[in-house]
Amino acid sequence: MPETAIKFGSYEAAKRALANFEGHGDPRQINSYSKFTAGGVAGMIAQFFVYPLDTLKFRLQCETVKGGLTGSALVRQTAIKMYADGGVRACYRGVTMGLVGMFPYSAIDMGMFELLKKSYQSYYARRAGCHEDDVTPGNIATGIIGATSGAIGATVVYPLNVVRTRLQTQGTVMHQATYTGIWDVTQKTIQKEGYRGLYKGLTPNLLKVAPALSITWVVYENSKSVLGLH
């Protein structure tokens, strides 16, 4: 919840700032490069704020074993173990790779959504003989556009996410290997599993990302309409 709220809030703020920088002050009229930049910056800001929770989530997934602790007890034990393993730095392991990967992912997702939405409005306006600003994509069209942009973004940056996740979960029950840094985990992954190892789990990730972002964009666009935001 906080990640999505921070991302969309930062995205709209970045668009307004870039619109002022371009000199016209209209966030809807910024160029494609500005939309790309706004999306990437918003994703990085959101990722940084929730990164410790992200790390805790992945470590929880790797600490859950049959007959072991469950529920809040497992959460407490995992958090204590993570902090004891390196303090605050342990909460931000792989954050550099996470931010590097988040910029293109969020930029492609949000920038591609804006581009596809604009293209849809232009196409529909030509067919209906009206101005494209008067065209509002329906929920189905918005959902398809959101799923497409999200899937493209997730595929492009997936290897970076694999590297980040392995850095976050190193030394846990289910992933006992440890690494010295970004290049070490990348080299070991390629040596043991080939380049395909950097795409391990891509299919289930897309099965999650596509519908999740489809729903997110539909809710976001409808919420803006209800609240009178543009």
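# Close-up views of a helical protein

**Figure 1. Helices H2 and H5 pack at an angle of about 140 degrees, with their axes 7 Å apart.** The model is predicted: local features need pLDDT of at least 70, side-chain atom pairs count only at pLDDT 80 or more, and totals for chains, interfaces and linings use all residues. Residues are numbered from 1 along each chain as its sequence is written, and side-chain values use heavy atoms, with hydrogens and water left out. The angle makes H2 oblique to H5. (Under 35 degrees is roughly parallel, over 145 roughly antiparallel, 65 to 115 roughly perpendicular, and the rest oblique.) Axes are lines fitted to C-alpha atoms, for helices over the stretch in contact, and angles run from 0 to 180 degrees between N-to-C directions. The H2–H5 crossing is right-handed. (Right-handed means that the near helix is turned clockwise from the far one by less than a right angle; anticlockwise is left-handed.) H2 brings Lys35, Phe36, Thr37, Gly39, Gly40, Val41, Gly43, Met44, Gln47, Phe48 and Tyr51 to the contact. H5 answers with Val95, Gly98, Leu99, Met102, Phe103, Ser106, Ala107, Ile108, Met110 and Glu114. Contact means heavy atoms within 4.5 Å. By class, the residues of this contact are 12 nonpolar, seven polar and two charged. (Nonpolar: Ala, Val, Leu, Ile, Met, Phe, Trp, Tyr, Cys and Pro; charged: Asp, Glu, Lys and Arg; polar: the others, Gly among them.)

**Figure 2. H1 meets H2 at an angle of about 145 degrees, with axes 8 Å apart.** Their crossing is right-handed. On the H1 side sit Pro2, Glu3, Ile6, Lys7, Ser10, Tyr11, Ala14, Lys15, Leu18 and Glu22. The contact divides into 11 nonpolar, six polar and five charged residues.

**Figure 3. H2 packs on helix H3 (residues 71–84) at about 115 degrees, with axes 10 Å apart.** That angle makes H2 roughly perpendicular to H3. H2 passes H3 in a right-handed crossing. From H2 come Pro52, Thr55, Leu56, Arg59, Leu60 and Glu63. They meet Leu74, Val75, Thr78, Ala79, Lys81 and Met82 of H3. Seven of the contact residues are nonpolar, two polar and three charged.

**Figure 4. The largest nonpolar core holds 16 residues.** Phe8, Tyr11, Tyr105, Met110, Val209, Leu213 and Trp217 touch the most other members. A nonpolar core is a set of buried Ala, Val, Leu, Ile, Met, Phe, Trp, Tyr and Cys residues joined through side-chain atoms within 4.5 Å. H1 (2–22), H2 (32–63), H5 (95–128), H6 (139–169) and H8 (202–227) each supply at least two residues of the core. Phe8 touches Met110, Thr216, Trp217 and Tyr220, not counting residues up to four places away in sequence.

**Figure 5. Thr142 lies in helix H6.** Thr142 counts as buried, at 6% relative accessibility. (Buried means under 20% relative accessible area, exposed over 50%, partly exposed in between, using a 1.4 Å probe and protein chains only.) Leaving aside neighbours within four places in sequence, Thr142 contacts Phe113, Pro137, Trp217, Val218 and Glu221. Ala147 is also found in H6. With neighbours within four places left aside, Ala147 contacts Ala210 and Ser214. Ala147 and Phe113 are 34 residues apart in sequence and 9.0 Å apart in space, C-alpha to C-alpha.

**Figure 6. Asp184 belongs to helix H7 (residues 182–193).** At 17% relative accessibility, Asp184 counts as buried. Asp184 touches Thr178 and Tyr179, not counting residues up to four places away in sequence. Asp184 and Leu213 are 29 residues apart in sequence and 32 Å apart in space, C-alpha to C-alpha.

**Figure 7. The protein has eight helices and zero strands.** From the N terminus on, the elements run α-α-α-α-α-α-α-α. Helices (H or I, at least four residues) and strands (E, at least two) are DSSP runs, numbered from the N terminus. The C-alpha atoms fill a box of roughly 65 × 35 × 35 Å, taken along the principal axes. Of the 230 residues, 43% count as buried. Among contacts between residues at least 6 apart in sequence, 71% join residues at least 24 apart.
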